[in-house]
Amino acid sequence: MTEIILHNGATMQPGDVVLTVDLHPVVVAAGSVPSFRDLAVGSKGADVRQLQQLLKDLGRFAGTPDGSFNAATAAAVRGWQESNGEASTGAVGQGDIVYVRSLPARGKIASDISVGSTLTGGDPAVEVLGTAPVFSLSVDEAQTRFLALGTEVDITAPDGKTTWKATVGGQEPSDSGTVKVALAPHPGETICNTTCNQVDTSTAASLPARVITTPTVTGLTVPTSAVSSSGVKTWLTLTSGRKVFVKVLATADGVSAVRGATSGTRVLLNGDR
């Protein structure tokens, strides 16, 4: 093998080049019959039907896949070969196509194959991965009180630059005495979205994660003792005696972040009134 094209976890489509052998592209296609022979005019069988379906998916073959390699099939093959920059022979070699059960699918090059490996037609060169990685946290019992349903979790992707957004989706005890916290995506998304190819789902992996127990807020900070509330409205009392109604965004360590007041405003503490 001369080059690996398929990245671990990338989504494969019919006709995608996954690797090269002797600098010639090897493509992936859908089918249950592995490539076991060369195909040319006169060949018949289920493997020919798979080839014809690939050519049809690529817009090269207008006929009905019937398993008979005829002149129309050869013409479609020649056009496909030319589009790939290959010699237009009208025949398909045993090692030109790798078949997997269905496409599109996430995949990776087989673990025992690397650049320099010797490949022959029919070798299992591609492994199909699950549709998307499953994410979870492993925590002790005491930590679960910070992980209510819907709590935001930021996951650092393997590239160290991308942040994946998730939420707590549930908890269940594990055999090891810890608690497994299932992570869920935001509605209409997957946790890793278009960058799932960074994860190899054939093995378990550990990634850094940050649980956001208190969301970051931006606002004016005032002593909490300066904040008054009637249960319906919340306000600050200015040194002039005038009330300024505010919204409290967050409170911690005797300080409150509020919205509605102007920076530099002098306010009274509750004990000064």
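Trainee: How many bridges join strand 8 to strand 11?

Mentor: In this predicted model, strand 8 covers residues 136-139. It runs antiparallel to strand 11. The number of bridges joining strand 8 to strand 11 is four.

Trainee: Which residue stands opposite V168 in strand 11?

Mentor: Strand 10, residues 163-173, pairs with strand 11 in the antiparallel sense over six bridges. The residue of strand 11 that stands opposite V168 is L183.

Trainee: Which residue in the turn between strand 10 and strand 11 has a positive phi?

Mentor: Strand 10 and strand 11 form a hairpin, with five residues between them. A phi of about 90 degrees is found in this turn, and the residue that has it is G177.

Trainee: Is T2 buried, partly exposed or exposed?

Mentor: T2 lies in the segment before strand 1. Its relative accessible area is 33%. Buried means under 20% and exposed means over 50%, so T2 is partly exposed.

Trainee: What is the length of the polar contact between the side chains of T2 and T20?

Mentor: Beyond its neighbours within four places in sequence, T2 is in contact with several residues, including T20 and L23. The T2 side chain reaches the backbone nitrogen of L23 at 3.0 Å. Its polar contact with the side chain of T20 has a length of 2.5 Å.

Technical notes
Residues numbered from 1 in each chain as written. Predicted model: local features only at pLDDT ≥ 70, side-chain atom pairs only at ≥ 80, totals over all residues. Heavy atoms only, no water. Helix = DSSP H or I, 4+ residues; strand = E, 2+ residues; numbered from the N terminus. Buried < 20%, exposed > 50% of the residue type's maximum accessible area, 1.4 Å probe, protein only. Contact = heavy atoms within 4.5 Å. Polar contact = N/O pair within 3.5 Å; in protein donor to acceptor, adjacent residues only side chain to side chain. Pairing = 2+ DSSP bridges.
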